[in-house]
Amino acid sequence: MIGKSRLLISFLFLAFVAPAFADEAAQESRFLTNTRQLIFEGRRSGEGYFSPDGGKIIFQSEREEGNPFYQIYAVDLNSGDTTRISPGTGKTTCAFFQPGSDRVLFASTHADPDARAKQKAELDFRASGKQRRYSWDYDEAFDIYSVRQDGSDPVNLTHSPGYDAEGSFSPDGNQIVFCSLRAAFPLEKLSPELRAAYDKDPSFFGDIYLMNADGSNVRRLTDAPGYDGGPFFSPDGQRIIWRHFEENGMIADVWTMKLDGSDKQRLTDFKSMSWAPFLHPSGKYVIFTSNKLGFENFELFLVDAQGEREPVRVTFTPGFDGLPVFSPDGKKLCWTSGRTSDGKSQLFLADWNDEAARAALAAAPKRSKATSGNANFAPEITDADLRREVEWLADPARDGRMTGTPGAQASASWLAEYFRQNGLQSFTENFSMPFQFNAGEKVLPEKRRLEIATGDSKSQSVTAKLDQDFRPLPFSQAGEASGEVVFAGYGLVAPGDAGVRYDSYAGLNVKDKVVLILRYVPEKVEPARRAQLNRYAGLRYKAMLARERGAKAVLIVTGPNSPNAGELVPLTNDFSNAESGVVSASISGKMVDALLAPGGKNLKELQSALDNENPHAETGFTLPKAKVTLACAVEHLKKSDSDIVGYLPPAQKSASAEYVVVGAHYDHLGHGGTSSLDRSGEENKIHPGADDNASGTAWVMELAASLAKERAEHPEKFRRGVIFACWSGEEIGIIGSAAFCEHPPVPLDKIVAYVNADMIGRMRENKLTLQGVGSSHAWRRLIEKRNVSAGFNLSLQDDPYLPTDVTSFYTRNVPVLNLFTGAHDDYHRPTDTADKLNYKDLERITKFSREIVLDLAQAAERPDLAKVERSSQGSSARETLRSYLGTIPDYTTEVKGVKLSGVRGDSPAEKGGLKGGDVIVELGGQKITNIYDYTYALDAAKIGEPTRIIVERDSQRVMLTVTPEARK
C-alpha cells in the first residue's frame, strides 16, 4: 500500500505540477538561455559587474577565513582566475570598474578601528547557532575607495561621516554616482522625530550624490524622504537611473533624472519593492528586481526606458533573483540568484535575447499613471478630499515642508503626480519648474583676515579673531583691501532741504580708504526723524554709498549707545545672491576703540556727539596711524526647489491665447526659524502648516481636478486656458512665484488674472476676506455675482501689495485676487495642525472660487488693470527695524488702527497687557490708522524706554505701557 501510494503521488506530481514548471521554464527561456551558475566558492556572492571590455566581472563574496563579511573579487571570464581586490578586513560592497583605467571602486570599512572586533562578533553570533534575517548593512564607517585592480594604491574618495557606498562610474570614467547617508550627520542636529527615524531605519536618509572620479565636487541630487540608492549612469552618460523607496520602506520604484538632479521621471508604479535597475546598453529598456509576486519571491522584470508600459516578467524560478547587469555588448546577463543546490545566493550568467525583450515590451499594456497616494481622489470638490490632501501635506513625515528640504521635494513629487493623474498638461517634462535660492552664507575661513596696525612697529599690529573681533557681512565682495581708515559717522546720505538732508560724507574724501561707519541712525533724534533716516540705514545701502565714493572696504560697528552695543552683525541670510561690490565686515566695539586710541578718541564720545545731530560734532576724519587690511570671502549656499505647474489649454490654441493663473504656496517653515512664532517649549518642533498653506494647496488641487473634468466635458467654456501653480519659496520671500514671473511659460501679458489662496482653512462666523480687489475694477462685479448663492460675509480689501504670492504678479501688471480666512493663534506655530481646519467651509470657498475662475476663463473681456499706489511709508527692511513688540496683526479686518489676532508669548506686548482683539490706535504719541502707520511708529520707538500705547478694547480706549526690546 505504501509503495503504491508513493507511486500515485509521483504520477500526480508529474501530471499536474511538472507541466506548470515546464511552462514557466519556457517563459524564462524566451529571454535567458544557457543559464549557469558562475560562482561556487564561498558562503554566498552577489553584485557582479562587467569590465568595460566584457572580459571580467567584479563581485562580492563571503569566502575569507576569519572574515564573515563580503570582500571584493574579480573573475577573468577567459582564464577563470579569481583574485581578491579589497584589503580582506572589514566589510566591503558595491564594486565597479573605472572605464579607461586600471582602477576600480568599492565601498569598505577596513579603516574602521573596530573592523576586526565586528568580524569576531559576527563569527561568534553565527557559531552560537542563532540566525537573523538578511538585511543591508548601513555601517557608518563605509567609505568609497579607488584602487588598482591588483588592490594597490587605495585612495579614500569620500571621508564623510555616515554610510557612503553603491557607487558606479560614468561611461567616460570621469564621474561617480553613489548613495550616501551623510545628510543625517551629525546625528545630534536631527530633530527628535528624525533621530527616531534614523534609529529605526538609517536608509530613510539615503540620497544620491555625484562627484568627480577623484572625489571632488560632490553635489547632492535627491533629498526626498525615503531611501534613494543603487544608482547607475545611462549608457550615453546623460541620465542617472536609481530606485526610490517610500518612507515606509516597503514600496520602491525605478526613477531616472538628469545629472543635475532635474527632470526626475518615475518609470514604474508597481505597488511593490522594485529596485536594482540597470539599463540595457541600447538605452531602450531597463531590467530590475521586484517582489511583485510575494515578499519572499524576488524576480527580474523589464520596463521600457520611458516607463510607458507595464513591466514584463523575465525570470520564473521560485526564490531570489536580483541585481541584474547586462554585459557591455548587451548579449549576456549576470545576476544574483538563490536557485542553487543549498539555496544560498550566488552569481549566475546567461545569454540574453534582446529581440525577444523588445517584442515583449512592445506588446505590454500601457501603464496607468495613478499612484497610491493620489489614486482615490474624486474629480468633484469635496470636504473629504480636502481633508485628506491637507492631512498628507501637514503630516509630520513632510517635516514642515521648508523650501529646499526633502519634505518639500516629497510634496512637489506628490503634487506633480496629482496633476498628471488628473490630465493636466505640463510646460516641462514633469510639471516641475525649478529655481535656485540662497539658503544661507558661510564664511570661508581660509580667505578671511583682519589686520589692524596702529603704529609703525609690528608690536602695534593686531590680527583680529573671526567671530570675536570681526565677521564678514553676508553681502561682502570677495577679495582683500588695505588702506588708511576714515571714520564716516553713521554713513548716511538722506536727500532733502536744509534741516532734512543728511550727508555723512560731506567734505570727506574716502577714495581708496577703508571706511568705518556706525550701524543704525542717530540714537537721540525725535521719532519722526528716526523713521525718516531709517529708510536709508540698510547695511547694503550704506556699503553701496561708501563704494560709490571710492572706498576700498567698509567696516561697520554697533556703537555703545545702540541696541546690541559692540556686538557683531549676525551672518543672516537675506536670500539675495548679490554682492555689494565692496569688501565689507562687521567689527567689534573693542577693536574700534583700539583703532581710535592713537588719536586720543573713543567711540562713545564720537557717537554721543552725533546722536543729537550736533552741528559742531566731528562727523568724519582720517584716523591717525591706523591702517587696516581686510580680506573676506562669503560663500552663498545655493539650493534649488521647484514650483509645480500644470495647465488646461484654451479650447482654441493660438499664439495669442490667454490664461488665468490659479496658485497657492505649498512650502512652510520646517522646524521654525526666524519666522516662527513658537512659544516656550515649542522650539525646533515641526511646523505642520495645515492652514498655512496646506489649505491653499488643497484648494488648487481640487480646482485643478474639477476644472479638468469640466474642460473634458465642455471645452467650449475655456476661451482662456487655466494654469495651476503650487509655489515653493513663499515663506522666504515669494521666491518661487517671482521665478515664475521672471521666466514665465507663457508671455506675462497673456496672463489676464492671478487668483491666490493663502490660509483659507480657519473660517469663523462665515467671514471670508478677499484682498487685492483694488487691482481691477472687474473684481467687485464678479465677486458680487458669485457670492449671491455662496452667501459669505465678505470683507473686501483693495491693497494688492500683500505678504504673499499676489505681489509677484501685481508688480508685473497682472490683476490679482487673494482669498484669506484670517490669522489665528496657531499661525507660524507647531500647533497649526490639520485637525483644526473647517473643511466644510473650505469646500464652500473652493466651489465659490471655481465659479470665479470659470467666469475669468470664458469672459469676452479680460479684467482691466487698476493702479493702486503703494504706501509711501511702507515697511522698513528687517535690518533697520530695531524695535520689537511681538504683536500679531489681524489682516482680515478693516478698522481704523491695527487689530491684533494675538501676541507672542513672553513678548513686550504680552508683558504690557496687549491681547488678541485689541485695536492699536496710538503708539508713542503717533496716531495709528493702518499697518503702515504702526510700522512707522514702531520703527521710531526707543529701545528699552517705556512707551505709551492706546488700544480699543470692548468699545473702550485702554492706555497701556510697553517697553520695546531690541530685535535680534
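Me: Which charged end sits over the ring of Tyr-227?
Reply: That of Arg-243, 4.1 Å from the ring centre. A charge counts as over a ring if NZ of Lys or CZ of Arg is within 6 Å of the ring centre and within 35 degrees of the ring normal. This is a predicted model: local features need pLDDT of at least 70, side-chain atom pairs count only at pLDDT 80 or more, and totals for chains, interfaces and linings use all residues. Residues are numbered from 1 along each chain as its sequence is written, and side-chain values use heavy atoms, with hydrogens and water left out.

Me: What lies over the face of Phe-621?
Reply: Lys-601, at 5.0 Å from the ring centre.

Me: Back to Tyr-227. Which aromatic cluster is it in?
Reply: One formed by Tyr-138, Phe-142, Tyr-163, Tyr-227 and Phe-245. Rings of Phe, Tyr and Trp (its six-membered ring) pair if their centres lie within 6.5 Å; planes under 30 degrees apart are stacked, over 60 edge-to-face, the rest tilted.

Me: How many aromatic pairs does the structure hold?
Reply: 40. One of them is Tyr-801 with Tyr-810, edge-to-face, 5.5 Å centre to centre and 80° between the planes.

Me: Are Tyr-801 and Tyr-810 buried or exposed?
Reply: Both are buried (under 20% relative accessible area; exposed is over 50%, partly exposed in between; 1.4 Å probe, protein chains only).

Me: New topic. What is the strand order in the open sheet of 4 strands?
Reply: S1-S24-S23-S22, with antiparallel pairing. Strands (E, at least two residues) are DSSP runs numbered from the N terminus, and two pair if DSSP finds at least two bridges between them.

Me: Which strands stand at the edges?
Reply: S1 (32–37) and S22 (321–326). Each has a single partner strand, so one side of each lacks a neighbour in the sheet.

Me: How many bridges join S1 to S24?
Reply: 4. Gln-37 stands opposite Phe-348 in S24.
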